[in-house]
Amino acid sequence: MELQITLLIASSMLLGYMVKSRWGLNNKPLWVDQITGLPNRADFERSVEIGLRSSRNIGLIIIDLDDFKSVNDHQGHLAGDRLLRQAAEILLNATCDTGTLFRWGGDEFVLLIPAASDTLDSTCISIEQQFQSANLGLSCSTGSTWQQANDTAITLFERADQNLYSNKS
């Protein structure tokens, strides 16, 4: 009986720790972007580190909303937030079978693809086409990379980011 009580107390403490590490003050999730509801940058960084340690061939796609700044500048930040929510929904629908979509910040999203099997180029083209066909008045650009030996989260992201900017040029 004492063992059961001890296990119950330990389980309760573990559950409390798990809830506190997942939820912040005011019951706001720590790992969720407050505007889009997608997993946020902190969750991405945690997930990519796990992916890199697993030695699986992960792929990374950065998705940038083209000319998003003009929405905030001309229509206001609340309009920008509405557009971010719409963009997140479109991108989530376009990528849900491929990997996990995260909001990186600003007007950028990242797609982490575990054990990627398709070519990243075809996935990027598909994302851009599906986003364009949604008629939000914006387009998006993508940059991608595969995991390489000795990658860190930083080197993986930097390579995808360089690819994004070369694609935008």
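Contact between elements is taken as heavy atoms within 4.5 Å, axes are lines fitted to C-alpha atoms, for helices over the stretch in contact, with angles from 0 to 180 degrees between N-to-C directions, and helices (H or I, at least four residues) and strands (E, at least two) are DSSP runs numbered from the N terminus. The model is predicted, with local features needing pLDDT of at least 70 and side-chain atom pairs counting only at pLDDT 80 or more, while totals for chains, interfaces and linings use all residues. Residues are numbered from 1 along each chain as its sequence is written, and side-chain values use heavy atoms, leaving out hydrogens and water.

An open, antiparallel sheet is formed by four strands in the order S2-S3-S1-S4, where pairing requires at least two bridges found by DSSP. Strand S2 (100-105) and strand S4 (140-146) each have a single partner strand, so one side of each edge strand is left without a neighbour in the sheet. Strand S1 (residues 59-65) is joined to S4 by seven bridges, in which Gly59 has Trp146 as its bridge partner.

Helix H6 (residues 153-168) lies across S1, S2, S3 and S4, at about 140° to S4, whereas helix H2 (residues 41-53) lies across S1, S2 and strand S3 (108-113), at about 125° to S2.

In helix H3 (residues 68-75), Phe68, Val71 and Asn72 are the buried residues, buried denoting under 20% relative accessible area, exposed over 50%, and partly exposed in between (1.4 Å probe, protein chains only). The cover over these buried residues includes S1 and helix H4 (77-95), while the exposed residues Lys69 and His74 are carried on the face of H3 turned away from its buried side.
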